[in-house]
Amino acid sequence: MQEIYKKDHSSIADDEINFQEIYSIIIEGRKTIFSIAALVLIVAILFSFLLPNVYQSNALLSPSNAGNGISSALKGYSGLAGLAGIGLPNEDDDNNSIKAIEKLNSLSFFENNILPEIFLPDLMALKSWDYKINKLVYDDSLYDITSNTWIRDYSYPSKQIPSAQESFEVFQDDHLSISEDTKTGFVTVSVKHQSPFLAKEWTELLIKEINEFYRQKDKLESQKSVTYLNNQIVMTNLSEIKVVIAELLQQETQKLTLVEANEDYVFEYIDPPAIMEEESEPNRVLIVIFGMLLGCIFGFLAVLIKHYLYKIQNP
């Protein structure tokens, strides 16, 4: 029992000695630690100020009632439509806001609706934004603004002019973010860019195009339904079926009116995007603090490693 006590006491004493040794090593090497920490801190400060400012424009949206209004208007005629062999959309089919969130994140929507409306170098060749004159500066190793030509080096599968897929990846990773509040159903669409003007412009473009996409989609479906119903009412000789088709035709005409009248077809603004005055990135204070901590850690490690290597080489 006494031997065990001695061993435990000796172990505790060794731990205290080791701690005291490490403490003395750090005190002796404090100048080295301070020098390394200061050097890393200076690098972190320079790095933080070399990073460009990035501005984020946010749009807070509410699902529009246009689709629900159409669905409710046609709901009472589903039985009549069944008699005439016509299928009407249910509430789930008309809930475009759910599908619109996924559509906003799709390659096809970006390629067909967004990419044709933006200047590609603003996305793929931007170097900086001069806030004094509100001018975008492009990387001359990628894009020649004077001749309006792409001059970047590339290798397969990349192309001289950035493809829709490559542009989409950059847009998704560096610029676009979409979130939904599950409690309220509100949707936030955010776009980041070095130019706050473009951040706002692209956010508005996304909302405008997604509303127009589903508006035109439903408009085309209603026009097809109207054409079909007009053909059916001419072909049938049964007065009861003609009455049913006439009622359906009236409702589809009302639906077309609702589609045409609602520009905010899927989403309507609660808070529209703005040209932000304060940047959202980078967080320079956080970078400097992280640099200071990293510098201290590197300093401690350098002093300890140097001491123990000398101790091993000179036992």
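Two strands pair if DSSP finds at least two bridges between them. Strands (E, at least two residues) and helices (H or I, at least four) are DSSP runs, numbered from the N terminus. This is a predicted model, in which local features need pLDDT of at least 70, side-chain atom pairs count only at pLDDT 80 or more, and totals for chains, interfaces and linings use all residues. Residues are numbered from 1 along each chain as its sequence is written, and side-chain values use heavy atoms, leaving out hydrogens and water.

**Exercise 1.** Find the pairing partners of strand 1.

Solution. Step one: strand 1 (residues 55–63) pairs with strand 7 (residues 187–193) in the antiparallel sense, over seven bridges. Here Gln-56 has Lys-192 as its bridge partner. Step two: strand 8 (residues 267–271) also pairs with strand 1 in the antiparallel sense, over four bridges. In strand 8, Tyr-269 stands opposite Leu-61.

**Exercise 2.** Describe the salt bridge of Lys-192 (a side-chain nitrogen of Lys or Arg within 4 Å of a carboxyl oxygen of Asp or Glu).

Solution. Step one: the side chain of Lys-192 meets that of Glu-281 at 2.7 Å, N to O. The pair links distant parts of the chain, 89 residues apart: Lys-192 is in strand 7 and Glu-281 in the loop between strand 8 and helix 12. Step two: classify accessibility (buried under 20% relative accessible area, exposed over 50%, partly exposed in between; 1.4 Å probe, protein chains only). Lys-192 counts as buried because its relative accessibility is 18%, whereas Glu-281, at 32%, is partly exposed.
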